[in-house]
Each structure stands twice: as C-alpha cells, then as structure tokens.
Amino acid sequence: MKPRERHVLLLWMLVCSGATEAFDPFTIGAGVAGTAAAAMLSPMIYCRFKECCRPDWVSFKSTGLKKDLDNKLFGQHVASRIILKAVDGFMSNDNPKKPLVLSLHGSTGTGKNFASQLIAENIYKEGIKSRFFHVFSATHHFPHPKQHLHTYKIRLKQWLKEGITDCERSMFIFDEVDKMDPNLMDSIKPYLDYYDKLDGVSYQKAIFIFLSNEGGDVIAQTALDFKKAGRRREAIKLVDLETPLSLSLFNNTQSGFFRSSLISKKMVDYFIPFLPLEYNHVIQCVKAEMKTRGILPNPDVAERLAKDLVYFPKSERIFSTIGCKTVDKKLHFYL
C-alpha cells in the first residue's frame, strides 16, 4: 500500500472510531463533525480501493482499443474499423441521445466475443471482470422462452435497470442471439431508443452488443465471391454486407431478429460482419496463443496445427469452419 493510501485509510479509521474528538478542543459538536467528515470521506476512500463508476475506473482508451484491434483481432478489417469508429465516437460524446447498439455477426471462432472483450478492456480498469460488464447468454439465462417468456422479460428489465443504476456507462452483451426468442429481443427496444429516462433511469450512455452466428453464411458467400473474382479480401467493405446481412436476419424465421422492431425501427446502429478466417489467420492465432503462454512463437507448430483444421469449401479449403475457436485447446498437442 502506498504511503498516501495508508494516510487516507488511517484518517478514515479515526473518523469512524470517533477518535477525531481527541483532536477537537470543543467537545460540543465533535460527534456531528466526525459524522460529516465520514460522510464526505466515505466515497473517496471506498472508490480508492473498490471499483466505482468514476473516471479512474471507467475511462475509454481510444489508442488502446485501436492497438488491440490492429494487433489481436486477425482477419477482420471491416469489423475493426467500424468498432473503433463507433465506440470512439460514442465514448467521446458526454451527452449521447441513445445507447450505442452493435450487432456482431459471423461464423464461430471469428472473434465476436473477443472483440467485445477488447472493448471492455479499454473502457474499464477491471476489464471483463468489471461489475459494469454484463453478459447474458440465451441458453443460460433464457433457456425455455416458450414456457417462461413473461418471467424472462421481467427479469431482463430488472437486470438492465440494476446494471445501469450501478453505472451509466455499463456494457450489456447478449450472446447467442440466434437462440433468443424474437419477442424477448423486442422487449429490449425501449432501452435502445431515444428516451431521456425509463422509470427514472437513463440508458443513453450504455453500450449494447449482440453476438450471433446468424448471417455467417451470407458473409462467407460474399467473401468467397470476392476470392473467386480475384479481388482482395481487404477490398470488402461494410456496404457490401450490411444490408444483405440485416435483411437475412429480419426474414429468417429461426432468427432472434425475425421481424424484429430492433431492425424495422433502426435501433441497431451497426450490423458488423466478421469474415470467415483463412489459413494464414489461423497461423496468426496460434502464434498469438503461444505468445500469451510465454512461449516463443514457432512457425512450424503454427503451420502443423493450422493444416489439421477443417476448411471449406471442401475442394478449395479456403476458410476454417471453426475459425480460431479451438486453437487454445489444441495447441498443447503440437508442442
């Protein structure tokens, strides 16, 4: 503990114990003075040691997010650019009119969860361990929507209100949106809209992120078309995918976004595509995992692991069917 922190903690202990009376020549009002000092010092001391919704705990690092997206999120030039632009613009606005709403789509293992974690790591001092970072999983939190839809709606409303009351700069992640009931999804709409307050609480500074494998086939087909046409992967732009992606979600009866007001009422700010990963991206993932484990990246190990994964289309073996999802689990077999 730093000297200054010890002094602050000692002062707090003295105030709380009533020992401050020993320093006051006037005994009348000493108790009141001690109580007032305690009330004034309490938040300052608590927030010095415990996470609070204050700038020293919640502060966006734009350069940090850019660096992480550039160096850690492989093969996702479209997603990286849009995420940085969207989050940077939103967090630099002290009075946004509505929450930031992002919907990340792509096949498994392409980095959707990882990208949301990178955002959190560059907003909260505690990163994904922050109590202001909330994750809802469709299969865990809402496993039986047909039987308990009304109950789930009530619970979700309560969880959102509690989270935003704790910190206006909260993040809410909804994973496996493709497995959520469209009616439950629509119940979120009021919290994403242009309301100053709902039930006395403002959601305008919150970030909502939806994660889904839905649309992965549309994204993969676009990437394959570019490949077959001899066009560079990096030439793919958001405009090539956003509209067909949102339409496929809206019209898919198996989608959590099926006929959703979140789409028809333009509540989602960006539908962000995550491209299927190629062989060279898997190699980058393996090397990054080795580095994370404190192991010197070995190209031979990375290539052997990458070659053993399954790729599609079968005849051409261009894209990994599981992206980089199992790299961390498989690596020890190749060391």
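Buried means a relative accessible area under 20%, exposed means over 50%, and partly exposed lies in between, with a 1.4 Å probe and protein chains only. The model is predicted, so local features need pLDDT of at least 70 and side-chain atom pairs count only at pLDDT 80 or more, while totals for chains, interfaces and linings use all residues. Residues are numbered from 1 along each chain as its sequence is written, and side-chain values use heavy atoms, with hydrogens and water left out.

**Exercise 1. Classify the ring pair of Phe174 and Phe210, and state where the two residues lie.**

Step 1: Rings of Phe, Tyr and Trp (its six-membered ring) pair if their centres lie within 6.5 Å; planes under 30 degrees apart count as stacked, over 60 as edge-to-face and the rest as tilted. By this rule the structure has 13 aromatic pairs.

Step 2: The centres of the Phe174 and Phe210 rings are 5.5 Å apart and the planes stand at 50 degrees, so this pair is tilted.

Step 3: Phe174 belongs to strand S3 (residues 171–175) and Phe210 to strand S4 (residues 207–212), so that the pair links distant parts of the chain, 36 residues apart; strands (E, at least two residues) and helices (H or I, at least four) are DSSP runs, numbered from the N terminus.

Step 4: Phe174 and Phe210 are both buried, and ring pairs join them into a cluster whose members include Trp159, Phe257 and Phe271.

**Exercise 2. Characterise the largest pocket and the largest cavity by volume and by the make-up of their linings.**

Step 1: On a 1 Å grid over the protein atoms alone, a cavity is a set of points where a 1.4 Å probe fits but cannot get out, whereas a pocket is an open set with protein on both sides within 12 Å along at least five of seven lines; lining residues have an atom within 4 Å of a point. Grid points are joined across faces, edges and corners, and a volume is the space filled by probe spheres set on the points.

Step 2: The largest pocket holds about 1,100 Å³ of space, and of the 35 residues that line this pocket, the closest to its centre are Lys72, Gly111, Phe114, Cys285 and Cys324. Helix H13 (279–292) gives the most to this lining, with seven residues.

Step 3: The pocket lining divides into 11 nonpolar, 11 polar and 13 charged residues, where Ala, Val, Leu, Ile, Met, Phe, Trp, Tyr, Cys and Pro count as nonpolar, Asp, Glu, Lys and Arg as charged, and the others, Gly among them, as polar.

Step 4: There are three cavities of 30 Å³ or more, and the largest cavity contains about 40 Å³ of space. Its lining, which includes Pro99, Tyr191 and Lys197, divides into seven nonpolar, two polar and three charged residues.
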